[in-house]
Amino acid sequence: MIDLTLSCIVGGDLRMIAPVIAIGFMALEYGLSKLADRDSHDLKESAASLAIAAGSKFIRPLEAALLAVPFALAYQYRLFDIDLNQAWTVAALFLSSEFFYYWHHRAAHRIRWLWATHAVHHSPRKLNYTAAIRLGWTGSISGNFLFFLPLVWIGFHPLAVLAMLAVNLGYQFFIHTELAPHLGPLEWVLNTPRHHRVHHASNDACLDKNYGGMLIIYDRLFGTFAVPPEDEPLRYGLVKPVSSQNPFRIVFGEWLQIVRDFNAAQTWRQRWRALFGTP
């Protein structure tokens, strides 16, 4: 998931309401999982996720201020003026933002510099709504925003792009659960909880699959779609799990490993791979 939040684009009232709604759904999911006798939560892990989300609140205003500069420059030299008062242009923004999100998300799994931020989101061993809010603090350092500058340069207003990405992020909160059933024909088009469970699994058959945000169509088009394996249970978390619930070790652990690997490298090719090779 891209590390952009509603705080970039909406007023204070919604910023206050959204966490309350999220916590309400977390509590509901926890209660339902207990009633269903499902082992879907680790309270220490959930507490770490909440702490990481709380830390994000201090970082986002600074991040928004920094990102305003490249987005404003891209819009200043835009190719077209796209009027979003028409349905087809809103649909075009939706489909194109999903397209760029897909490639950003795919790159975040294949390029270590990007993975250092995104690995935070994949570190929980339990898939639930508290895992949905575990997002890295270093998205701007990774350069996540670069994938969406073309939308602004084409002519979509920066706030409209951020709003669409915020809708994407809000939708994805609700697919981080094991409690949702199969959704029938919707599974062909939408990224559903069933698809996203595959994405978060570390089974060999599930690695680097189902990158979509709200849609699953680009995974189907570009060969990264997968269904849950039938012969084994899903295992969530990183291939090499984080052995700590310390929020700072979770957030910066992969970055520290990159530094160690870079310092240990003997050639410039090895140093390049330490930074930009596959995770």
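This is a predicted model: local features need pLDDT of at least 70, side-chain atom pairs count only at pLDDT 80 or more; totals for chains, interfaces and linings use all residues.
Rolling a probe the size of a water molecule over the atoms shows where empty space is left. The volume of the largest pocket comes to about 900 Å³. At least two lining residues come from each of the helices α3 (87-110), α4 (112-122), α9 (193-200) and α11 (247-264), and the greatest contribution is that of α11, which supplies eleven residues.

Helix α11 also packs against a further helix. Two packed helices are described by the angle between their axes and the distance between the axes. The axes of α11 and α12 (residues 268-276) come within 8 Å and cross at roughly 175°; because angles over 145 degrees count as roughly antiparallel, α11 and α12 are described as roughly antiparallel to each other. On the α11 side the contact is made by Ile258, Asp261 and Phe262, while α12 contributes Trp268, Arg271, Ala274 and Leu275. Of the residues in this contact, five are nonpolar and two are charged, with no polar residue among them.

Helix α9, another contributor to the lining of the largest pocket, is mostly covered, with seven of its eight residues buried. These buried residues are Pro193, His195, His196, Arg197, Val198, His199 and His200, and they pack against α3, α4, α8 (158-173) and α10. Two of the helices in that list, α3 and α4, likewise each supply at least two residues of the pocket lining.

The loop between α9 and α10 (217-222) contains aspartate 208, and asparagine 210 is found in the loop between these helices as well. Most residues other than glycine have a negative phi. Aspartate 208, although not a glycine, has a positive phi of about 60°, and asparagine 210, also a residue other than glycine, has a positive phi near 55°.

Methods
Residues are numbered from 1 along each chain as its sequence is written. Side-chain values use heavy atoms; hydrogens and water are left out. On a 1 Å grid over the protein atoms alone, a cavity is a set of points where a 1.4 Å probe fits but cannot get out, and a pocket is an open set with protein on both sides within 12 Å along at least five of seven lines; lining residues have an atom within 4 Å of a point. Grid points are joined across faces, edges and corners, and a volume is the space filled by probe spheres set on the points. Helices (H or I, at least four residues) and strands (E, at least two) are DSSP runs, numbered from the N terminus. Axes are lines fitted to C-alpha atoms, for helices over the stretch in contact, and angles run from 0 to 180 degrees between N-to-C directions. Angles under 35 degrees count as roughly parallel, over 145 as roughly antiparallel, 65 to 115 as roughly perpendicular and the rest as oblique. Contact means heavy atoms within 4.5 Å. Ala, Val, Leu, Ile, Met, Phe, Trp, Tyr, Cys and Pro count as nonpolar, Asp, Glu, Lys and Arg as charged, and the others, Gly among them, as polar. Buried means under 20% relative accessible area, exposed over 50%, partly exposed in between (1.4 Å probe, protein chains only).
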